[in-house]
Amino acid sequence: METLIKVDVKESPTKQDVLHNRWHPDIPMVAWVKPGDQFRVECVDWTGGQIRDDDSATDIKTVDLSKVHYLSGPIGVEGAEPGDLLVCDILDVGVLASSQWGFTGIFAKENGGGFLTEHYPEARKACWSFSGIYANSRHIPGVEFAGIMHPGLIGCLPSRELLMRWNEREKALFDSNPERVPPLATLPYAETAHLGRMKPDAARAAAAEAARTVPPREHGGNCDIKNLSRGSTAYFPVYVKGGGLSMGDIHFSQGDGEITFCGAIEMAGYLDIRVNLIKQGMSKYGIKNPIFEPSPLEPRYSSYLIFEGISVDEAEKQHYLDVHVAYRQACLNAIEYLKKFGYTGAQAYAILGTAPVEGRISGIVDIPNACATLALPTEIFSFDIRPSASGPTRAVPIGPDLAVVR
Ligand code: ZN
């Protein structure tokens with residue numbers, strides 16, 4: 001496999017012109033390929049090396065989130081025109097020899113937050129080691145699972161018209177409650193924009209309007225779909241000539257929802273990609289957002305404990321078919337259960353973010369309660385977590401916990 005884009009995990013990402021951390025139609029392509037080509041793309045971790053493999057969460061607390069995500073690309077595909085579909089086979093995903101570890105952060109409420117930030121407002125960190133396809137953490141004993149490596153973030157450059165629509169609608173949402181912590185949306189922020197090979201004059205103007213990489217949008221982007229794993233095929237809408245495919249935010253593993261925000265096992269790595277085109281595929285198939293086919297390869301977990309959650313919140317307030325509330329309850333229920341075996345809440349929260357848990361919208365029509373479920377594979381634990389008449393026995397050693405701010 002020929003390496004098309006090479007990165008240096010020891011060098012500052014801002015000094016690497018094959019990386020960019022915003023979406024803008026004018027970011028110059030760093031390489032051109034032809035339909036049918038296959039190639040390797042190396043990626044730094046989403047923060048660009050801001051997080052260290054140590055036992056303090058200070059780096060999570062103080063991480064500069066205006067700099068994320070550092071993406072490799074954009075890659076131009078010869079012949080790609082707006083309206084086409086870019087067919088992207090994810091042939092393989094792997095760990096870089098120069099960076100064989102990963103991390104999970106619970107982000108501080110005032111700097112990023114997360115799905116359960118009201119319950120876990122302080123920064124915490126778990127570091128993970130990789131043993132082939134398996135991941136384990138010195139901060140979370142008693143659990144090991146097979147990774148389903150995938151890019152958290154992948155997609156094509158937006159057109160100018162699409163970028164303007166993003167900025168307009170996200171600004172309107174932000175303005176509805178500008179003081180909120182965490183904010184309702186991440187708006188363009190010129191100061192830390194890195195626009196790859198764009199010339200300084202053009203980059204100054206573009207930085208003020210270039211979209212942040214945080215939310216998923218019509219082009220794909222930060223979808224954090226754990227099943228977009230090696231062996232899957234994605235179909236991306238093309239909005240600019242050449243497409244401009246960029247990718248990064250590689251995860252070793254992730255649970256549905258990536259609930260701790262940086263809830264996956266984050267890592268630097270490589271993606272082996274093959275591209276093809278379906279001319280005018282967007283109108284041919286009525287496609288507005290990407291679609292994908294999952295991989296034939298997946299870890300074979302067959303035994304699950306499934307936690308239910310309904311749209312009644314922690315204060316017993318009734319919500320109307322609110323899946324966000326229901327999934328939160330399912331997660332909180334799973335955390336309370338795991339605490340009975342000796343895990344701290346933070347450890348249990350991190351397990352749900354990283355392990356291959358399946359989240360589902362199980363019921364969305366039975367007024368007033370939506371029902372969301374969270375399926376936790378029981379085989380990832382080194383002890384039996386199923387309920388029994390004898391009750392839970394403490395199985396997790398006292399002592400190890402997620403790293404705190406020191
Ligand atoms: Zn990520």
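View 1. D249 and E266 link distant parts of that chain, 17 residues apart. D249 belongs to strand β15 (residues 243–251), E266 to strand β16 (residues 261–266). The model shown is predicted.

**View 2. Surroundings of D92.** D92 sits in strand β6 (residues 85–95). Its relative accessible area is 23%, so D92 counts as partly exposed. Beyond neighbours within four places in sequence, D92 contacts R230, Y270, L271 and D272. With R230, the link is a polar contact between the two side chains, at 3.3 Å. Y270 is 178 residues from D92 in sequence, yet the C-alpha to C-alpha separation is 8.1 Å.

**View 3. Strand β21 and its partners.** Strand β21 spans residues 371–377 and is mostly covered. Six of its seven residues are buried. Strand β19 (residues 304–310) runs antiparallel to β21, joined by seven bridges. Strand β20 (residues 358–363) also runs antiparallel to β21, with five bridges.

**View 4. Residue pairs along β21.** Which residue of β21 is the bridge partner of E308? T373 is that partner. On the β20 side, whose residues are 358–363, I361 stands opposite A372 of β21.

Key:
Residues are numbered from 1 along each chain as its sequence is written. This is a predicted model: local features need pLDDT of at least 70, side-chain atom pairs count only at pLDDT 80 or more; totals for chains, interfaces and linings use all residues. Side-chain values use heavy atoms; hydrogens and water are left out. Helices (H or I, at least four residues) and strands (E, at least two) are DSSP runs, numbered from the N terminus. Buried means under 20% relative accessible area, exposed over 50%, partly exposed in between (1.4 Å probe, protein chains only). Contact means heavy atoms within 4.5 Å. A polar contact is a pair of N or O atoms within 3.5 Å; within protein, one must be able to donate a hydrogen and the other to accept it, and residues adjacent in sequence count only if both atoms are side-chain atoms. Two strands pair if DSSP finds at least two bridges between them.
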